[in-house]
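This report looks at a few individual positions and their surroundings. The sequence and structure come first, and the notes follow.

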Amino acid sequence: MKNEVKIHEVDPSLNNRRSFLKLSGLTLVTAGLVVAGCSNNDDDNGMEDTSLPGIRNGVFDLGSGDFGVLTYAYALEQLEADFYTKVVNGTNFNTAFNDIERQVLTDLYHHEVVHRDFFKAALTGALPDPSSQLLPTLAFNYGSLNFNSRTDVLATAKALEDTGVAAYNGAGKLIKSADYLLLAGKIVSVEARHASAIRSLINPNSKDFAGDDIVNATTGLDAAQDPSKILPIAGGFITTKFTAKYLP
């Protein structure tokens with residue numbers, strides 16, 4: 001038996017410029033959004049509903065369909081938010097980066113935190129049993145990455161942002177809900193702005209912001225990668241074990 005779960009609109013509390021940048025593009029799409037969810041872990045024929053995220057064989061799996069894609073995005077946004085949180089809290093943040101770089105990195109931090117929190121709120125409101133079906137807070141390990149090194153931070157930011165754009169582009173074809181597709185389009189456009197900003201910090205006044213290594217010179221299109229290609233890359237930083245058996 002199916003039930004419908006509404007995602008309630010989040011109060012943006014737009015009291016400053018940064019709050020507006022963080023929230024205005026996301027909260028509008030949530031109004032009236034309805035997701036068809038299952039009332040239990042089995043479908044109407046008694047078979048396991050693999051669209052629902054949750055623990056399977058002792059390990060959390062992202063699921064499939066719209067729930068799976070949202071949970072996949074939530075995992076990636078957790079990674080980016082954690083990375084930029086560590087960047088802006090680095091002991092040498094004020095000395096390793098100039099004024100413009102600090103402003104860019106701080107804005108990216110705020111954007112990624114609100115993306116992460118938005119997905120958490122959306123999934124909490126939409127999943128039939130968020131207590132068991134919501135992806136837990138992930139743990140991360142960045143190895144030898146020096147968060148006080150401008151070179152290390154910008155190189156890693158470039159890799160994360162380019163990967164994030166390719167991830168959203170690749171996941172678009174898996175989304176069935178038009179509202180979710182609109183949301184993904186709004187977020188991937190922000191991620192692409194992040195990627196171009198980081199590339200411009202690394203190599204100012206160059207064409208690297210939309211270089212041929214990321215934008216196809218023939219088609220003019222950005223890269224798109226399936227979850228099976230993205231997760232091994234992101235997984236290099238994620239220590240919390242999870243699977244994505246039902247995502248391509």
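## Gly 164

Gly 164 belongs to helix α6, which covers residues 150–171; helices here are DSSP runs of H or I with at least four residues, strands are runs of E with at least two, and both are numbered from the N terminus. With a relative accessible area of 9%, Gly 164 is buried, a term that stands for under 20% relative accessible area, while exposed stands for over 50% and partly exposed for values in between (1.4 Å probe, protein chains only).

## Basis of the values

The model is predicted, and local features need pLDDT of at least 70, side-chain atom pairs count only at pLDDT 80 or more, and totals for chains, interfaces and linings use all residues. Residues are numbered from 1 along each chain as its sequence is written, and side-chain values use heavy atoms, with hydrogens and water left out.

## Arg 199

Arg 199 is part of helix α7, residues 178–202, and is buried at 4% relative accessibility. Leaving aside neighbours within four places in sequence, Arg 199 has contacts (heavy atoms within 4.5 Å) with residues including Lys 158, Asp 162 and Phe 209.

The side chain of Arg 199 makes a polar contact of 2.9 Å with the side chain of Asp 213; a polar contact is a pair of N or O atoms within 3.5 Å, where, within protein, one must be able to donate a hydrogen and the other to accept it, and residues adjacent in sequence count only if both atoms are side-chain atoms. A polar atom of the Arg 199 side chain also lies 2.9 Å from the backbone oxygen of Asp 208.
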